[in-house]
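Reader: Pick one part of this model and walk me through it slowly, please. I'd like one connected story, with the cut-offs spelled out as you go.

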Amino acid sequence: MGDVEGISSAPITPRPASIAPTPPVSCPPSQYHSPSLSRSPLLSVGDHLSGGGGDHPTPAPPSANKTPNRIRTPNRGLTPRFLTPLGSPIRKALRMTKLDPHDAWLPITESRNGNAYYAAFHCLCSGIGFQALVLPVAFTFLGWAWGTICLTLAFIWQLYTLYLLVQLHEAGPEPGVRYSRYMQLTTATFGNKLGNLLALFPILYLSGGTVVALISLGGSTAKMFFEIVCGANCTAHHLTTVEWYLVFTSAAVLVSQLPNLNSIAGVSLLGAITAIGYCTLIWVVSVAEGTLPNVSYNPIRAKTQIERVFDVLNALGIIAFAFRGHNLILEIQATMPSSEKHPSRVPMWKGVKAAYAIIAVCLFPLAIGGYWAYGSKIPENGGMFSALYSFHSQDVPRSLLGLIALFVLINAVSSFQIYAMQMIDDMEYKVVTRIKRPIPWWGRVLLRANFGYGCFFVAVAIPFLGSFAGLIGAIALPVTLAYPSFMWLKCRKPKVYSPMWWLNWVLGVLGMCLTGILIVAGVYVVIDTGIKVSFFKPGAAGS
């Protein structure tokens, strides 16, 4: 601080009267919480450029009055005069802060009023999905002990990488910059070319691919809900599978017109409640009905050794794919205000801890209770939902089955919103960088409708896309288990051979090795089982 005081005590060269002062920076109120600039300090451009500082201050004209000769403090870079006094101790960080004018026009970052509750709602809605319903299938290959151990280790691992991402949101490669999108952090850490190569396709799959899968799930569940409510002797007109897909997509596109990520917090809350509801109802009803006759808990053993190995790898993939939402963590955190005194990582981590405590309460009983109830008889396609409908449709009240189907349907519509928001934000970014102004409301309506119905077309045209889910999911696995550790090493640079250095190197390398093994296993499964190609026949693909 002595250096700073010495610099500020020197007389400042008078500004000539002929030079008009430069007006201060002006920006819309929403930019005060820009993802690239902390809440304070704000620069005065006139002071910063003319007399304040920076690496290249503008010299005064020769005709100006000169500063009297006197002994001055050595010049290490002139400190700009700020409107607030918060920034003077951290000149280096403040010189690197940047203001991106487009962030105030994009759906992820245009609203900065989020809090820990909103974060918990979004994390719950995006973190509990239909992948969790097949967790008991992994136990049929691993058995009780190894199934529980692998599920516990996977939960701790992905929670740790979530913690790294929350910390890196405001502590990335450049001080003073908030990294509001996963791709933004990846390219800033690894470089533009390598970052796009590593993360672009996985992020597109985890957002766009999930939306396509949700349309298939939502359409099929809507059809099932109608059949349950209508009954076996119903004479009402039955829609085709494609028509149910269209009904679901239209409802999802209608809800997607909400302007930004903060505005769908209520939708995420509804999705979180229904996800908790159907997970709890499924395992409670299954356990209450008791075990099936002649149930077996012995791990399934294939005939050949190679098939056994790939069965175990498939089980590990099921457990790994059950945890999702890492590609949205930075986007969720971007909806919060942040400053030096109140960084967004504090409420964000509170929301994440609360959400994942509830997720653990849902997933562990679902996996363990489902395996206890059905053992090795649990269906591989559909998991717990299919098992409940297949084995207990005559024992369980039809109203309860309808309620579970309704919860799954509402959760699919809610999850559609948060996963689509990442793709919509990227599409709107490409538009606003061209037109240099916010997109009008009718432009947003058209853009989001085009995205929703484009995904509907993919779900109908390529219904067998789910057959590649294991292979493509393995390619996207590093986003969850590996990249956060490598980004932490690159950005935070922990001391070599320290515990944090070893931990992140081991987890990063192990995550990449697991990815490679699961890719090989995915290719083997595709070749071994074959793919039933049926374009524009979603009903045939699902049967």
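Author: Let's start at lysine 436, which is exposed because its relative accessible area is 57%; here exposed means over 50%, buried means under 20%, and partly exposed is in between, with a 1.4 Å probe and protein chains only as cover. A word on the ground rules: this is a predicted model, so local features need pLDDT of at least 70 and side-chain atom pairs count only at pLDDT 80 or more, while totals for chains, interfaces and linings use all residues. Residues are numbered from 1 along each chain as its sequence is written, and side-chain values use heavy atoms, with hydrogens and water left out.

Back to lysine 436, then. This residue sits in the loop between H14 and H15; the helix labels come from DSSP runs (H or I, at least four residues; strands are E runs of at least two), numbered from the N terminus. What is the backbone doing there? Lysine 436 isn't a glycine, yet has a positive phi of about 60 degrees. Most residues other than glycine have a negative phi. The turn to positive phi comes just after H14.

So what does H14 itself look like? Helix H14 covers residues 398-435, 38 residues in total, and spans 54 Å from first C-alpha to last, close to the 56 Å expected at 1.5 Å a residue. That expected span is 1.5 Å times one less than the number of residues. There's a kink to notice too: H14 bends by about 35 degrees at methionine 421, the bend being the angle between axes fitted to the seven residues ending there and the seven starting there.

Glutamate 428 counts as buried, because its relative accessibility is 0%. The side chain of glutamate 428 meets that of arginine 444 in a salt bridge, 3.1 Å from N to O; the test is a side-chain nitrogen of Lys or Arg within 4 Å of a carboxyl oxygen of Asp or Glu. Since glutamate 428 belongs to helix H14 and arginine 444 to helix H15, this pair ties together parts that are 16 residues apart in sequence.

Glutamate 428 has another partner in arginine 448, with the closest N and O atoms 3.2 Å apart. That pair also joins distant parts of the chain, with arginine 448 in helix H15 and glutamate 428 in helix H14, 20 residues apart. Arginine 448 is buried, at a relative accessible area of 2%.

Put together, Glu110, Glu428, Arg444 and Arg448 are linked in a network of salt bridges. For context, a search of the whole structure finds 7 salt bridges.

Leucine 446 is in helix H15, residues 441-461, and counts as partly exposed because its relative accessibility is 49%. Trp441, Trp442, Val445 and Leu446 make up a nonpolar patch on the surface, with about 490 Å² of accessible area together. Areas come from the Shrake-Rupley method with a 1.4 Å probe, and for residues only the protein chains shown count as cover. Patch members need over 30% relative accessible area and no salt bridge; like charges are joined within 9 Å, and nonpolar side chains (Val, Leu, Ile, Met, Phe, Trp, Tyr) within 5 Å.

One last stop on H15 is asparagine 450, which lies in that helix and is exposed, at 56% relative accessible area. The C-alpha atoms of asparagine 450 and valine 253 are separated by 9.1 Å, although the two residues are 197 apart along the chain.
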